[in-house]
Amino acid sequence: MGQDQFTFNDMKKMNREKLGNQVPLELFRTIRLIGMYQSLPLGGKGTTLTIGRKIGESLPVSSIEELLRLFEELKIGIPSIVQQDERIMRIAVDDCFCEGLPVMVGKHVCDLEGAIMEGALSKITGKRVLAKEVKCNVNGDDRCEYEVRFQ
């Protein structure tokens, strides 16, 4: 009898002889921004939060440093901690998937990435974690940035 759920390690198993292990960024953007952000109620926020948290919890990381490394390895973006104390951490993400998209003032479209951080950090710390995107390239900011609160 086979398994009934996928794991992160399952995602690494590939057997595409001709097309390999990558898809174009424009396909990912299309799924995220046209398929989810523009098609689902409230910009898909409920869906992306649920999905992102589940993904974050499934990541094979046991420290913040490992999470930041994995974000870059998976080409989600290049994260760095820009502020930290016992309750709040700010994580900047350079070279995010939204880099280069048209500016739409007031829009923050990278909530999935924040939810991934939230799920992973909750698992790592054993605390309730809330991550909120406070800067986004699409909003006209110079990078994406998340405020992470540890409860």
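Asp-10 pairs with Lys-13 in a salt bridge whose closest N and O atoms are 3.3 Å apart; the term stands for a side-chain nitrogen of Lys or Arg within 4 Å of a carboxyl oxygen of Asp or Glu. Asp-10 is buried at a relative accessible area of 14%, while Lys-13 is exposed at 63%. Here buried means under 20% relative accessible area, exposed over 50%, and partly exposed in between, with a 1.4 Å probe and protein chains only.

A word on the model before we go on. The structure is a predicted model, in which local features need pLDDT of at least 70 and side-chain atom pairs count only at pLDDT 80 or more, while totals for chains, interfaces and linings use all residues. Residues are numbered from 1 along each chain as its sequence is written, and side-chain values use heavy atoms, with hydrogens and water left out.

## Salt bridges

The structure holds ten salt bridges. Three of them are set out here.

| Acidic residue | Basic residue | Closest N and O atoms |
| Asp-10 | Lys-13 | 3.3 Å |
| Glu-118 | Arg-53 | 2.4 Å |
| Glu-145 | Arg-90 | 2.7 Å |

In the pair of Glu-118 and Arg-53, the closest N and O atoms lie 2.4 Å apart. Glu-118 belongs to helix H5 and Arg-53 to helix H3 (residues 45-58), so this bridge ties together parts that are 65 residues apart in sequence. Helices (H or I, at least four residues) and strands (E, at least two) are DSSP runs, numbered from the N terminus. Glu-118 is buried at 5% relative accessibility, and Arg-53 is partly exposed at 31%.

Glu-145 and Arg-90 form another salt bridge, with 2.7 Å between the closest N and O atoms. This pair, too, links distant parts of the chain: Glu-145 sits in strand E4 (residues 144-150) and Arg-90 in strand E2, 55 residues apart. Glu-145 is buried, with a relative accessible area of 3%, and Arg-90 is buried as well, at 18%. Both residues also belong to a network of salt bridges that links Arg-90, Lys-135, Arg-143, Glu-145, Glu-147 and Arg-149.

## Cysteines without disulfides

A search of the whole structure finds zero disulfides, a disulfide being a pair of cysteine sulfur atoms within 2.5 Å. Cys-96 is in no disulfide, and the nearest cysteine sulfur, that of Cys-110, is 3.5 Å away. Cys-96 is buried, with a relative accessible area of 4%. Cys-136 is buried, at 0% relative accessibility.

## Surface patches

Glu-72, Glu-73, Asp-94, Asp-95, Glu-99 and Asp-142 form a negative surface patch. Patches are made of residues with over 30% relative accessible area and no salt bridge, where like charges are joined within 9 Å and nonpolar side chains (Val, Leu, Ile, Met, Phe, Trp, Tyr) within 5 Å. For the charges, Lys and Arg count as positive and Asp and Glu as negative, with His and the chain ends not counted; the place of a charge is taken as NZ of Lys, CZ of Arg, CG of Asp or CD of Glu.

There is a nonpolar surface patch as well, made of Val-23, Leu-27 and Ile-31, with about 260 Å² of accessible area together. Accessible areas come from the Shrake-Rupley method with a 1.4 Å probe, and for residues only the protein chains shown count as cover. Val-23 is found in the loop between helix H1 (8-11) and helix H2 (25-37).

## Backbone details

Most residues other than glycine have a negative phi. Lys-75, although not a glycine, has a positive phi of about 60°. Lys-75 lies in the loop between helix H4 (64-73) and E1, and is exposed at 63% relative accessibility.

Asp-95, one of the residues in the negative patch, likewise has a positive phi of about 60° without being a glycine. Where is Asp-95 found? Asp-95 is in the loop between strand E2 (88-94) and helix H5 (111-125), and is exposed, with a relative accessible area of 53%.

Lastly, Ile-78 has its place in strand E1 (residues 78-84) and is partly exposed, at a relative accessible area of 37%. The C-alpha atoms of Ile-78 and Ala-92 are separated by 8.0 Å, with the two residues 14 apart along the chain.
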